[in-house]
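Here is a short note to read beside the structure. Keep the model open and find each residue as you go.

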Amino acid sequence: MIEFSFCKNNVKITVDKRTTILSIIEILSEYKKRYPRLLSTYGNKNYIEEVQREFKNYQDSPIIQKFNTLLQQYDFSFSRPIR
């Protein structure tokens, strides 16, 4: 679940686990409510549902709370720098 790797026609695509954990944090946080278009389900609905199911016990964890604070206090978005 944490690292994704795919190989086809001698091309290997790997998603770094740091990127994966950030997407998990986004899914569990208030990010989707604040930026619904940035976390749309463009063909990844199963992934989002799996993350929500597997990590639901971390919904109230300190890292998710801190991320929500960044969203609220600093208008944080991955599409631009923090103000």
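1. Tyr-58 is partly exposed, at 48% relative accessible area. Buried means under 20% relative accessible area, exposed over 50%, and partly exposed in between (1.4 Å probe, protein chains only). The ring of Tyr-58 pairs with that of Phe-55: the centres are 6.3 Å apart and the planes lie at 50°, so the pair is tilted. Phe-55 counts as buried, at 17%. Rings of Phe, Tyr and Trp (its six-membered ring) pair if their centres lie within 6.5 Å; planes under 30 degrees apart are stacked, over 60 edge-to-face, and the rest tilted.

2. This is a predicted model: local features need pLDDT of at least 70, side-chain atom pairs count only at pLDDT 80 or more, and totals for chains, interfaces and linings use all residues. Residues are numbered from 1 along each chain as its sequence is written, and side-chain values use heavy atoms, leaving out hydrogens and water.

3. How many aromatic pairs does a search of the whole structure find? It finds two. Tyr-31 and Phe-67 form a tilted pair, 5.8 Å centre to centre with 50° between the planes. Tyr-31 sits in helix α2 (residues 31-34) and Phe-67 in helix α4 (residues 62-74), so this pair ties together parts 36 residues apart in sequence. Helices are DSSP runs (H or I, at least four residues), numbered from the N terminus. Tyr-31 is buried at 1%. Phe-67 is buried at 7%.

4. The salt bridge count is two. A salt bridge needs a side-chain nitrogen of Lys or Arg within 4 Å of a carboxyl oxygen of Asp or Glu. Lys-33 meets Glu-30 at 3.4 Å, N to O. Lys-33 is exposed, at 67%.

Notes:
Helices (H or I, at least four residues) and strands (E, at least two) are DSSP runs, numbered from the N terminus.
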